[in-house]
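This briefing goes through one protein model, topic by topic. Please keep the structure open while reading.

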Amino acid sequence: DVYKRQIYRATAKDPIKTVTNAGPYNGGPFPARLHIPGTVQNGNVVDSVVVIYDEPTKTMHEFFYWRWNGGAPTAAIHRVYSALSTGHTQPGGTIVGTSASGMSTAFGILRGHEFNVPGKKIQHVLQMAVDARGKCGMMLGKNIVWPASSRDGFCSAAGNCTGALSYGSLLAIPPGANVSKLGLSEPGARLAETLKNYGVYVVDNSQCPMMRADQTLKSTIRSQLITDMKKLYPLLRMIKNNTKDQTTSGNGAARAPNCAVGAGRPPKTNINGICGSAHGV
């Protein structure tokens, strides 16, 4: 599946509103006053995540259990971090975003403005969620590896999180894998190339494997990607030597250019909500 997250850009012209805490958790700084553009909604379910990029301050505000409430918004968790930061830390480090792994929602998200345009290259890593409860096939384990900093709370319960993948695992399609005979759609072929060149980080749990996208992804493109992901998932392999001190993920030479590197920024810098993260694997 492709699960959408809502990411918004706020400017100094947008009205300032106050976001208060309404439970069921009390995570992060509340009340939060910030510029909010228009009507910001993402359903009324527990996992309603909204990210607001405050352009004047280059600050990301990430909210979990978001409710618009007719212009008097509430949330259960609020995380604040620089848009020029990495979007992650390390096991035991500061939790940056609202994903179970502690990584930011904008880190490696599948972006509509990229996948909606035929032929546009995707030059950054992606993110995905996999099963930690065994409803679709147990995949996630209890371990946390860089760049994750946390895991789901239910992992302490018996029977949960007994899979082989750690929170923060980097997966990729091996360079030699032949995807030309899979009958992929145009966006699916670009997804396959992205998974070869940059890979995908495991950032959260889900009933079945899914990647996350922003709300601008066209429904037709989403449908094509869902069909193609079923063909590509079996080709994914774990990058076992991915560590934070490498110039390229998994070491060696970068397979392709990275849109997050340049303008004096160091390798593996994630420009949240603008580009992506690590070099090729």
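Where is Asn69 found? Asn69 sits in the loop between strand S5 (59-64) and S6. The model is a predicted one, and its pLDDT averages 89 over the protein. Its strands include nine in an open sheet and three in another open sheet.

**Confidence**

- At least 70 is the pLDDT score of 92% of the residues.
- Over residues 263-274 the pLDDT stays under 50, and the model has 48 contacts beyond four places in sequence for these residues.
- Residues 276-281 also have a pLDDT below 50, and in the model this stretch has 45 contacts beyond near neighbours in sequence.

**The nine-stranded sheet**

- The strand order is S7-S5-S4-S1-S13-S8-S12-S11-S14, with mixed pairing.
- Strand S7 (77-82) and strand S14 (237-238) each have a single partner strand, so one side of each is left without a neighbour in the sheet.
- Strand S8 (residues 126-130) pairs with strand S13 (residues 210-214) in the antiparallel sense, over two bridges.
- Met128 has Met211 in S13 as its bridge partner.
- Helix H2 (residues 186-197) packs on the sheet and touches S8, strand S11 (170-172), strand S12 (200-205) and S13. The direction of H2 makes about 95° with that of S8.
- Helix H3 (residues 219-232) packs on the sheet as well, touching strand S1 (2-10) and S13. Between the directions of H3 and S1 the angle is about 135°.
- S1 is joined to S13 by four bridges, and the two pair in the parallel sense.
- Met211 in S13 stands opposite Val2, and Met211 is also the bridge partner of Met128.
- S1 also pairs in the parallel sense with strand S4 (residues 49-54), here over five bridges.
- Opposite Tyr8 stands Ile52 in S4.
- Strands of a sheet pair through backbone hydrogen bonds, in either the parallel or the antiparallel sense.

**The three-stranded sheet**

- The order here is S3-S2-S6, and the pairing is again mixed.
- Strand S3 (32-35) and strand S6 (74-75) are the edges; each has a single partner strand, so one side of each lacks a neighbour in the sheet.
- Strand S2 (residues 16-21) and S3 run antiparallel and are joined by four bridges.
- Arg33 in S3 is the bridge partner of Thr18.

**Backbone geometry**

- Most residues other than glycine have a negative phi, and most peptide bonds are trans.
- Asn69 is not a glycine, yet its phi is positive, at about 55°.
- The peptide bond from Gly23 to Pro24 is cis, with omega near 5°. Pro24 is placed in the loop between S2 and S3.
- Phe30 and Pro31 are joined by a cis peptide bond with an omega of about -10°. Pro31 is likewise in the loop between S2 and S3.

**The largest pocket**

- The space in the largest pocket is about 270 Å³.
- Its lining is made up of 13 residues. Tyr25, Val46, Asp47, Phe64 and Asp152 lie nearest the centre of the pocket.
- Which kinds of residue make up the lining of the largest pocket? Five are nonpolar, three are polar and five are charged.

Key:
Residues numbered from 1 in each chain as written. Predicted model: local features only at pLDDT ≥ 70, side-chain atom pairs only at ≥ 80, totals over all residues. Heavy atoms only, no water. Pairing = 2+ DSSP bridges. Contact = heavy atoms within 4.5 Å. Axes fitted to C-alpha atoms, helices over the stretch in contact; angles between N-to-C directions. 1 Å grid on protein atoms, 1.4 Å probe; cavity = no way out; pocket = protein on both sides within 12 Å on 5 of 7 lines; lining within 4 Å. Points joined across faces, edges and corners; volume = space filled by probe spheres on them. Nonpolar A, V, L, I, M, F, W, Y, C, P; charged D, E, K, R; others polar. pLDDT = per-residue confidence, 0-100.
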